[in-house]
Amino acid sequence: MGPFPPPPPGPPRRRGWFARQSEGVRITIIGAVIAGVFSLGGAVLTAALTDRGDDPSDAKPSAQSSVRPTTAPTTASEPPSQVSSDGPSPTPRESGESGDPSADADSAPPASESYEVFYDKQTMALGLPPGSDLGSIDFDAPGTRRYTEDEWTALKEKADESGTPVEADLTYRHYFNGFLTLQNGRNAAQLQPTDPSEKAGDCAGAARVGGFTEVKMHEWDLPAKTVLCVVTDKGNIARVVITGFIGGDSGEIGEPPTQIGLLVTLWKPRG
């Protein structure tokens with residue numbers, strides 16, 4: 001037998017849409033597909049980086065970030081009488097603002113109104129006795145007294161035992177040095193001669209700050225017109241002005257004045 005005859009040709013194969021396109025169209029389509037793949041990959045990468053909190057320089061802001069939110073009106077534009085509050089309004093001090101200084105001044109009377117004059121500008125003198133005696137002055141009485149050394153020693157011992165200060169506010173002793181001494185239980189300040197204040201409150205404030213305890217008058221370091229403000233053992237305020245000196249010699253060592261002139265005003269606390 002001879003070879004089989006060839007099979008009859010089948011029906012012509014239909015070509016797909018892409019195959020039917022010209023070569024130029026196919027190249028264009030392929031390029032578009034490749035570009036789309038890269039665009040999709042970039043979008044996925046940007047989204048991934050954004051979720052991680054990174055800030056890639058080529059990432060574009062979303063549409064929501066460019067929308068400015070509408071600001072709602074606040075209650076600050078309302079009149080103060082219409083603003084509600086859960087508690088009382090703060091005072092100027094609570095809110096950090098400075099209040100009216102006259103308010104505090106009115107709430108507490110001035111220091112000068114807390115005292116009343118017991119005696120005004122009374123002339124006194126404190127003498128320096130010879131030997132070991134001493135002179136003393138009590139502004140509360142008022143009065144001066146001279147003590148022998150033994151009398152003063154016994155008086156000091158009695159005061160120490162009872163815990164009560166001696167009556168004398170200042171003492172003046174020792175013929176060579178001339179010790180002018182503030183006694184225990186008092187407080188005093190030495191003011192400059194140019195200090196103009198004669199108010200009880202100013203003198204009381206200066207005396208409580210203190211500073212004066214003793215001075216050697218033979219050095220003449222306490223000039224005339226010096227002011228001493230003293231809080232006495234009774235709590236009274238004495239303003240003592242040194243008016244001058246008698247005796248002594250400021251040009252010689254060991255020659256203190258034998259007498260110190262004083263002008264004293266005393267205030268007592270009211271009530």
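A search of the whole of this predicted model finds 1 cavity of 30 Å³ or more. The volume of this largest cavity is about 40 Å³. Which residues line the largest cavity? The lining consists of Leu-126, Leu-170, Leu-180, Leu-222, Leu-228, Ile-242, Ile-260 and Leu-262. Sorted by class, these are 8 nonpolar residues, with no polar and no charged residues among them.

From the cavity, the reader may turn to the nonpolar cores. In soluble globular proteins, nonpolar side chains tend to be buried together. The largest nonpolar core in this model has 24 residues, and the members that touch the most others are Phe-139, Leu-170, Leu-180, Leu-262 and Val-264. At least two residues of this core come from each of strand 1 (115–127), strand 4 (170–173), strand 5 (179–182), strand 8 (227–231), strand 9 (237–246) and strand 10 (259–269). Strand 10 makes the greatest contribution, giving 4 residues.

The backbone next calls for attention. Most residues other than glycine have a negative phi, and most peptide bonds are trans. Where does the model depart from this pattern? The peptide bond from Ala-141 to Pro-142 is cis, with omega near -15 degrees. Pro-142 lies in the loop that joins strand 2 (134–138) and strand 3 (143–147).

Two residues have a positive phi without being glycine. For Trp-220 the angle is near 55 degrees, and for Lys-225 it is about 80 degrees. Trp-220 is located in the loop between strand 7 (214–216) and strand 8, and Lys-225 also lies in the loop between strand 7 and strand 8. Is each of these residues buried, partly exposed or exposed? Trp-220 is partly exposed, because its relative accessible area is 23%. Lys-225 has a relative accessible area of 59% and is therefore exposed.

Notes
Residues numbered from 1 in each chain as written. Predicted model: local features only at pLDDT ≥ 70, side-chain atom pairs only at ≥ 80, totals over all residues. Heavy atoms only, no water. Core = buried A, V, L, I, M, F, W, Y, C linked by side-chain atoms within 4.5 Å. Buried < 20%, exposed > 50% of the residue type's maximum accessible area, 1.4 Å probe, protein only. 1 Å grid on protein atoms, 1.4 Å probe; cavity = no way out; pocket = protein on both sides within 12 Å on 5 of 7 lines; lining within 4 Å. Points joined across faces, edges and corners; volume = space filled by probe spheres on them. Nonpolar A, V, L, I, M, F, W, Y, C, P; charged D, E, K, R; others polar.
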